[in-house]
Amino acid sequence: MENSHECSNKVKDVSLQELRDRLAEFARVRGWDQYHSPRNLLLALVGEVGELSEIFQWKGEVAKGLPNWTSDDKQHLEEELSDVLLYLVQLADVCGLDLGQAALTKIIKNAQKYPVKPTTYN
């Protein structure tokens, strides 16, 4: 990213709006936005999901929190997850969609589709 947009590794609660804006600027100043059609971004996203999948391919089940992973393995995972997120944000942006709102709407739809069932105690 440009120097004016650099941020520490410990920034919390970054909005999808901020990611979208930074990605758009990053691509614009490099002249890459001309290549960022929905199709191209989708194919890039699929490629990154493949790279993410490779990390887990031969590990079997993995414990929450990744307690047995090295810091290098975790960093690699962070990078691949970030690539997936960034392409997803860009894809939503070039399609003119509000990804954050769409995700919240989907959570509500899922809650209606899969209501909490009362637990019975004997």
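Predicted model: local features only at pLDDT ≥ 70, side-chain atom pairs only at ≥ 80, totals over all residues.
Figure 1. Pro67 sits in the loop that links H2 to H3. Glu54 of H2 is also exposed. Pro67 and Glu54 are 13 residues apart in sequence. Their C-alpha atoms are 19 Å apart in space.

**Figure 2. Leu66, a buried residue with positive phi.** Leu66 belongs to the loop between H2 and H3. Its phi is near 50°, a positive value in a residue other than glycine. Leu66 counts as buried because its relative accessibility is 15%, under the 20% limit. Leu66 is also a member of the largest nonpolar core.

**Figure 3. Confidence across the model.** The protein has a mean pLDDT of 91. A pLDDT of 70 or more is reached by 90% of its residues. Residues 1-6 stay under 50. For residues 1-6 the model has seven contacts beyond four places in sequence.

Figure 4. H1 covers residues 16-30. Its 15 residues should span 21 Å at 1.5 Å a residue. The end C-alpha atoms of H1 are 21 Å apart, in agreement with that value. Leu19, Leu23 and Ala27 are buried in H1. Seen down the helix axis, these buried residues fall within an arc of 55°, so they line one face of H1. H3 is part of what covers them. Gly31 follows H1 and has a positive phi, near 75°.

Figure 5. H2 runs over residues 38-56. For its 19 residues, 1.5 Å a residue predicts a span of 27 Å. The end C-alpha atoms of H2 lie 27 Å apart, which agrees. Which residues of H2 are buried? They are Leu41, Leu45, Glu48, Leu52 and Ile55. These residues cover an arc of only 65° around the axis, so they lie on the same side of H2. Arg39 and Glu54 are exposed on the other side of H2. Helix H3, residues 71-94, is included in what covers the buried residues of H2.

**Figure 6. The largest nonpolar core.** Nine residues make up this core. They are Leu41, Leu45, Leu52, Ile55, Leu66, Trp69, Leu77, Val84 and Leu91. H2 and H3 are the elements that give two or more residues to this core. Which element gives the most? H2 does, with four residues.

**Figure 7. The His36 to Gln90 contact.** His36 lies in the loop between H1 and H2. Gln90 is found in helix H3. The side chains of His36 and Gln90 make a polar contact of 3.4 Å. Is Gln90 buried or exposed? Gln90 is buried, because its relative accessible area is 12%, under the 20% limit. Beyond four places in sequence, Gln90 is in contact with Leu23, Ala27, His36 and Leu41. His36 touches Ala27, Leu41, Gln90 and Val94, with residues up to four places away again left out.

**Figure 8. Glu78, exposed on H3.** Glu78 is found in helix H3. Glu78 is exposed because its relative accessible area is 54%, over the 50% cut-off. Glu78 and Leu52 are 26 residues apart along the chain. Their C-alpha atoms are separated by 9.4 Å. Leu52 is one of the buried residues of H2.

Figure 9. H4 holds 15 residues, 99-113. From its first C-alpha to its last, H4 reaches 21 Å. That is close to the 21 Å expected at 1.5 Å a residue. Which residue caps the N-terminal end of H4? Asp98 does. A side-chain oxygen of Asp98 lies 3.3 Å from the backbone nitrogen of Gly100.

Methods: Residues numbered from 1 in each chain as written. Heavy atoms only, no water. Expected span 1.5 Å × (residues − 1). Buried < 20%, exposed > 50% of the residue type's maximum accessible area, 1.4 Å probe, protein only. Arc of directions from axis to C-beta. Contact = heavy atoms within 4.5 Å. pLDDT = per-residue confidence, 0-100. Core = buried A, V, L, I, M, F, W, Y, C linked by side-chain atoms within 4.5 Å. Polar contact = N/O pair within 3.5 Å; in protein donor to acceptor, adjacent residues only side chain to side chain.
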